[in-house]
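The sequence and the coordinates come first, and the description follows.

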Amino acid sequence: SSSSRHPNQVTPKKSGLKNGQMKSKDDECFGDDIDEIPDTDFDFEGNLALFDKAAVFEEIETYERRSGTRSRGTPSEKPARYRHDENILESEPIVYRRIVVPQNPNKEFCTDSGLVVPSVSYELHKKLLAVAEKHGLTLERRLEMTGVCASQMALSLLGGPNRLNPKNVHQRPTVALLCGPHVKGAQGISCGRHLSNHDVHVILFLPNFVKMLESITNELNLFSKTQGQQVSSVKDLPDTPVDLVINCLDCHENAFLRDQPWYKAVVDWANQNRAPVLSIDPPISEMELGIDAKWSLALGLPLPLGERAGRVYLCDIGIPQKVFQEVGINYHSPFGCKFVIPLHST
């Protein structure tokens with residue numbers, strides 16, 4: 001009856017010999033008198049002063065020199081400290097050669113990723129374009145591709161999205177486009193059309209000639225449908241500095257144009273305007289350059305350009321890989337995901 005009344009009651013156990021032994025062991029471990037613990041604190045600084053670190057480290061180094069061993073974590077080895085922009089691993093930059101030309105290049109460039117891009121002679125570059133045209137890459141296609149790439153580079157130089165957006169209509173940039181009566185001039189006109197389509201104020205200079213190339217006539221017809229302005233006299237060019245000058249006056253073959261009065265007048269205007277200059281496909285000889293460029297845009301593969309060409313950029317004009325192979329160039333595209341890339345002199 002007692003168990004039914006108190007179901008949760010626990011009956012105490014009798015303490016026997018076994019419990020007595022456990023109690024004695026507890027007393028031995030935890031039964032010290034508190035009064036026996038000293039009141040004074042341990043002198044850490046005093047004991048640390050007794051340790052002569054210099055003598056111990058010198059003894060370790062002496063032992064290592066005699067035995068020829070080196071322990072890890074030696075205190076004398078000071079770990080190198082690096083800035084956030086420094087590389088921990090010391091290594092030479094990797095050089096990739098995936099473009100090989102049949103002739104020994106006069107000059108070599110490299111991309112940001114270390115890919116070597118050799119220069120080619122004007123004769124080989126001309127042959128490359130002729131073979132590409134034979135396979136269907138016509139002059140009109142090249143002009144359009146060059147115009148797109150050149151305008152894309154110019155838009156970036158003008159400020160990109162920070163300068164060219166619908167909220168900045170009052171800061172519309174002005175570009176002076178200087179073109180000669182040749183294919184290089186047609187490339188510039190194509191570039192000007194795309195710039196004008198992107199709300200850039202374009203002033204196109206082109207001298208008056210009785211007979212123009214068909215490519216120039218076609219490009220001028222398209223340019224006239226934009227808001228761009230065409231002039232044929234230096235007097236109609238702006239008196240104030242412009243944002244950018246695009247130079248397409250020079251070509252590789254018609255050097256006699258440099259003796260023309262209109263050419264000299266335009267060169268003088270550009271040099272006095274003090275605006276940065278972008279040259280599209282400039283000639284190799286620096287004697288043929290009337291205007292010093294800050295940037296130059298090469299097509300397909302670069303020519304061995306000199307210092308007056310400024311910083312060289314390369315654009316993809318759509319030449320297939322097998323066309324390069326047909327003229328003896330072992331070619332792999334250096335462009336990656338871009339159509340215009342910067343080149344660095346090696």
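Helices and strands are taken here as DSSP runs, helices of at least four residues and strands of at least two, numbered from the N terminus. The model is a predicted one.

**Overall features**

On that definition the protein has ten helices and eleven strands. Of its 346 residues, 39% are buried. Among contacts with a separation of 6 or more, 67% join residues 24 or more positions apart.

**Two residues with positive phi**

D281 lies in the loop between β7 and β8, the latter spanning 295-299. Its phi is near 50°, a positive value in a residue other than glycine. D281 has a relative accessible area of 5% and is therefore buried, the limit for that class being under 20%.

R274 also has a positive phi, near 65°, and is likewise not a glycine. R274 sits in the loop that runs from α9 (261-273) to β7 (277-280). With a relative accessible area of 78%, R274 is exposed, since that class begins over 50%.

**Helix α7 and its two partners**

Two packed helices are described by the angle between their axes and the distance between the axes. Helix α7 (residues 183-197) and helix α8 (residues 214-223) have axes that come within 9 Å and cross at roughly 15°. The pair is therefore roughly parallel, as angles under 35 degrees are classed that way. The crossing of α7 and α8 is left-handed. On the α7 side the contact is made by A186, I189, S190, G192 and R193, and on the α8 side by S215, I216, E219, L220, L222 and F223. By class, these residues are six nonpolar, three polar and two charged.

Helix α6 (residues 139-157) also packs against α7, at an angle of about 55° and with the axes 7 Å apart. That angle makes α6 oblique to α7. The crossing of α6 and α7 is right-handed. From α6 the contact takes in L139, L143, E144, T146, G147, V148, A150, S151, A154 and L155, which meet V183, A186, Q187, S190, C191, R193, H194 and L195 of α7. The contact of α6 with α7 holds ten nonpolar, six polar and two charged residues.

The table sets out the geometry of the two pairs.

| Helix pair | Axis angle | Axis distance | Hand of crossing |
|---|---|---|---|
| α7 and α8 | roughly 15° | within 9 Å | left-handed |
| α6 and α7 | about 55° | 7 Å | right-handed |

**S196 and V202**

S196 is located in helix α7. At 8% relative accessibility, S196 is buried. Leaving aside neighbours within four places in sequence, the contacts of S196 are V202, T226, Q227 and G228. The C-alpha atoms of S196 and Q227 are 6.4 Å apart, although the two residues are 31 apart in sequence.

V202 belongs to strand β4 (residues 201-205). Its relative accessibility is 1%, so V202 counts as buried. Beyond four places in sequence, V202 is in contact with V175, L177, G192, L195, S196, F223, G228 and Q229.

N247 itself is placed in strand β6 (residues 244-248). With 3% relative accessibility, N247 counts as buried.

I341 is found in strand β10 (residues 340-342). I341 has a relative accessible area of 6% and is therefore buried. Apart from neighbours within four places in sequence, I341 is in contact with T111, Y313, L314, P334 and F335. The C-alpha atoms of I341 and L297 are separated by 9.4 Å, and the two residues are 44 apart along the chain.

Definitions and conventions. Residues numbered from 1 in each chain as written. Predicted model: local features only at pLDDT ≥ 70, side-chain atom pairs only at ≥ 80, totals over all residues. Heavy atoms only, no water. Buried < 20%, exposed > 50% of the residue type's maximum accessible area, 1.4 Å probe, protein only. Contact = heavy atoms within 4.5 Å. Axes fitted to C-alpha atoms, helices over the stretch in contact; angles between N-to-C directions. Parallel < 35°, antiparallel > 145°, perpendicular 65-115°, else oblique. Left-handed = near helix turned anticlockwise from the far one by under 90°. Nonpolar A, V, L, I, M, F, W, Y, C, P; charged D, E, K, R; others polar.
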